[in-house]
Amino acid sequence: MQRRLPVCKDGISLDYLSRSSCYLFRCYSVSCTRNLGYGNHEITREIDVEGLFRACTKSEDVKHLHALLTVSGKAKSSFVATRLINMHSYFGNVSLSRYTFDQVLDKDSYTWNSMISAYVRNRQSSKAVKCAFEMLSRTDVRPDFHTFPPVLKACSALIDGTSLHCCILKSGLEWDVFVASSLVHMYCRFGFADRAYTIFKDMPFRDTGCWNSMISGFFQNDNAKEALRILDDMILEGVKMDSVTVATMLSVCAQLNDLLRGMLIHLFVIKHGLEFNVFVSNALINMYAKFGELKCVPNVFDHMHVRDIVSWNSIIAAYEQNNNPYVAIKFFHRMQVNKVQPDLLTLVSLSSCVAQMKDPLWVKSVHGFITRKCWITEDIVIGNGVIDMYAKLGITDSAQKVFERLPHKDVISWNTMITGYAQNGLAAAAVEVYNCMKENKDLKPNQGTQVAILPAYAHLGALRDGMKVHSQVLKENLELDVFVSTCLVDLYGKCGRLSEAISLFYQVSRETSVPWNTIISCHGLHGLGETSLKFFEEMLNEGVKPDHVTFLSLLNACSHSGLVDQGKWCFQVMQQEYEIMPTLKHYGCMVDMFGRAGLLETAYNFIESMPMKPDASVWGALLGACRIHGNVEMGRKASSHLFELDSQDAGHYVLLSNLYANFGRWEGVNEVRSLARDRGLWKTPGWSSIELNNKIEVFYSGNQSHPQYEKILEELGKINAKIKSLGYTPDTSFVLQDVEVDEKENILAHHSERLAIVFGILNTPPKTCIRIYKNLRSELKISIDIIICSRRKEVPDISSVRGMHVQGLAYFGAVS
DNA sequence: CTAGGGTTAG
């Protein structure tokens, strides 16, 4: 273990200072040791021992010396023993320190203080505190100025600190600057900045260290403003900032969003020659990174004389947090070239880089490295990082495994897992995790939890559950939080409660594009493209800059409302006025828009003119359009491109098969189906769900396992008969199996959504709103039943259909 | 001989 030497005020390790003198001492000690070992000389003068100790550079040196001193009977003297205790502790051998300590018969305060410091130095806080209380209970030694600062540092609980405070008052040591500053620091550590401040302001003399304690104390307790005020007082009293003050203040500026002050401090740093202090440079890197000022970061980093692990971690994190994972990785490589061992925090940043790069090879090596170091059990932050990494790459089962094996899960672990599922479209799994989380009484869901679960509820259309979260939000006064509110706008919007969404929207701070994108997107979703465009206009009037998501939402809106010209306009404005390069997703939207409008040729030419290689989603959009408009030839073209891309999406095969089936070309159907089977793809089953009595009931077509299945079937038969008598003729062209017309009707009649509606009718009183959700609703790709087909388009207010039974019936038969 | 205050995180 390396000798931990104290660090002097300017951050230069004493190691450097002592290195030159070390050689001299070593020569001296060699002669002394010879004398001791071979010449039978006794060490008589204390200065001899002193020199010997200073010459020790290895743990073995101390042990060797210890042995020699034991032989000569010196090891039990309190003076020599005290030095031995210190030396052993520098090399991490606390047990040897303790052994030496126990051998001493006449322990003085030096001996006790050294033993306490030995524990503190080696992070054995509870033993340090125990040792201190043992000392305090004795009558033969008195604590002095040196006793309390280290013990106060070691306190792990406020109770210890308070009783130590009483002892300090009894000994009359409370006016010592060191002791008082340690008290200030201790109270701040346990979150009692105010109590610390009362001690601080009554101190008759305050040195820089003491001011620093108070400033960092407020900062650590999330009171950066107060920290700034203390700094002003400090300057007013004529105390000069030192490197410690500067390092702390740079973090304060970052938290207060005060870039200007941070840069002024940087000037101060240069003027006073503090820029070569490691702490200061590290703090500068962190501050500039927080402000996204990456230009300044390499400057600071390259000018550093000494770089420690924090410097490397800081620069890696700087690029990682500013969405520059590749540069971050480059610094990680440079770190390895410089033979600096990565630590836990390096890996936290690294896993986030991997999550951004979505590189499956890195995932394994990063996780493997962390596992070999056993860091997952050591720190919750890294466990959460690994979960997030897997989730961002869409490997949710690995994420789940890591999550389950975490020895201790905090709120962020749960939030990460919920977000992981939700963002991979596995909303039901997200809800399941959330429900488990709620069972754990020790956990308090926070803002992050709400932001995680609300999109999942919105995805499932679980309005009631979402509203429960909303009430929770109101209870906790979080309604003004932009993130939560935007999620709520999204929830109400997706569930068709557009007026609620709008009124919420106007309560949110609308400075960024995110809330705008949400409100534009949910209107587009319900076929209200004109309204979406109006919101876009309003957005521009309020001076908010649209981003690529804004245009994606707009194009989607135009596509769903058949607003081809407006869509073309958006696509143009995006590139010319806002210099946003269209991505594959934008192209996909355009193709979808042309396709839905029946402009299949335009869509095809548009694809041909793309500057990049179209991916499966683009061809898929065209194929979907061919399915709607019954264009087999174009459909064949689109699908030949699609299957070339080796699409893993079963939906595309289904689409083509449906297209063939529509025209009765069953040989085509069989061909596509066997192709899909060969590639190991299986159709995602469609399901419909309904929320009843806080429970979500899911129905699959032909699924007979529901407890009320018989009843539903009976009622469904009655309703089907009734609507037929009202003049409804089933459009069997939507049934894509090669079966007799009777059977087709039967399949249609037992579609999952019908089962869900009947279940709703059976289990709710009249005039209750019945709201059904389908997993495949927004896609064109799956066989579509009359009811569901473009419920967003033709029946935009479907989700607010007041399901009176009669109206329900009308709805049942009305859409074709 | 022994002491306090500082920088990085999902």
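Buried means under 20% relative accessible area, exposed means over 50%, and partly exposed lies in between (1.4 Å probe, protein chains only). This is a predicted model, in which local features need pLDDT of at least 70 and side-chain atom pairs count only at pLDDT 80 or more, while totals for chains, interfaces and linings use all residues. Residues are numbered from 1 along each chain as its sequence is written, chains are lettered from A and ligands numbered from 1 in the order written, and side-chain values use heavy atoms, without hydrogens and water.

**View 1. Chain A as a whole.** Chain A has 44 helices and three strands. Helices (H or I, at least four residues) and strands (E, at least two) are DSSP runs, numbered from the N terminus. Chain A has 816 residues, and 49% of them count as buried. Its accessible surface is about 40,200 Å². Carbon and sulfur atoms own 54% of that surface. Accessible areas come from the Shrake-Rupley method with a 1.4 Å probe, and for residues only the protein chains shown count as cover. Among contacts in chain A with a separation of 6 or more, 62% join residues 24 or more positions apart. A contact is a pair of heavy atoms within 4.5 Å.

View 2. Helix α41 covers residues 709-725, 17 residues in total. From first C-alpha to last it reaches 24 Å, close to the 24 Å expected at 1.5 Å a residue. The expected span is 1.5 Å times one less than the number of residues. Tyr-709, Ile-712, Leu-716, Ile-719, Asn-720 and Ile-723 are the buried residues of α41. Seen down the axis of α41, they fall within an arc of 105°, so they line one face of the helix. The arc is that of the directions from the helix axis to the C-beta atoms. Glu-710, Glu-714 and Ser-725 are exposed, on the face of α41 turned away from the buried side. Just after the helix, Gly-727 takes a positive phi of about 105°.

View 3. The structure holds 15 salt bridges. Each is a side-chain nitrogen of Lys or Arg within 4 Å of a carboxyl oxygen of Asp or Glu. In α23 (residues 380-392), Asp-388 and Lys-392 are four residues apart, which means a separation of about one helical turn. Asp-388 pairs with Lys-392 in a salt bridge, with the closest N and O atoms 3.0 Å apart. Asp-388 is partly exposed, at 24% relative accessible area. Lys-392 is also partly exposed, at 37% relative accessibility. Elsewhere, Glu-226, Arg-229 and Asp-233 are joined into one network by salt bridges that share partners.

**View 4. The pair Asp-61 and Lys-58.** The side chains of Asp-61 and Lys-58 meet in a salt bridge, 4.0 Å from N to O. Asp-61 counts as buried, at 17% relative accessibility. Lys-58 is partly exposed, with a relative accessible area of 42%.

**View 5. Cys-131 and its contacts.** Cys-131 sits in helix α7 (residues 125-136). It counts as buried, at 2% relative accessibility. Leaving out residues up to four places away in sequence, Cys-131 touches Arg-98, Trp-112, Met-115, Ile-116 and Tyr-119. Met-115 is 16 residues from Cys-131 along the chain, and their C-alpha atoms are separated by 7.8 Å.

**View 6. Ile-315 in helix α18.** Ile-315 lies in helix α18 (residues 309-321). Its relative accessibility is 0%, so it counts as buried. Not counting residues up to four places away in sequence, Ile-315 touches Ile-285, Val-297, Phe-301 and Phe-331. Val-300 is 15 residues from Ile-315 in sequence and 9.9 Å away in space, C-alpha to C-alpha.

**View 7. Ser-553 in helix α33.** Ser-553 belongs to helix α33 (residues 548-561). At 8% relative accessibility, it counts as buried. Beyond its neighbours within four places in sequence, Ser-553 is in contact with Asn-517, Ile-520 and Ser-521.

**View 8. A nonpolar surface patch.** Leu-260, Leu-264, Leu-267 and Ile-270 make a nonpolar surface patch of about 420 Å². Patches are made of residues with over 30% relative accessible area and no salt bridge; like charges are joined within 9 Å, and nonpolar side chains (Val, Leu, Ile, Met, Phe, Trp, Tyr) within 5 Å. Leu-264 lies in helix α15 (residues 259-271).
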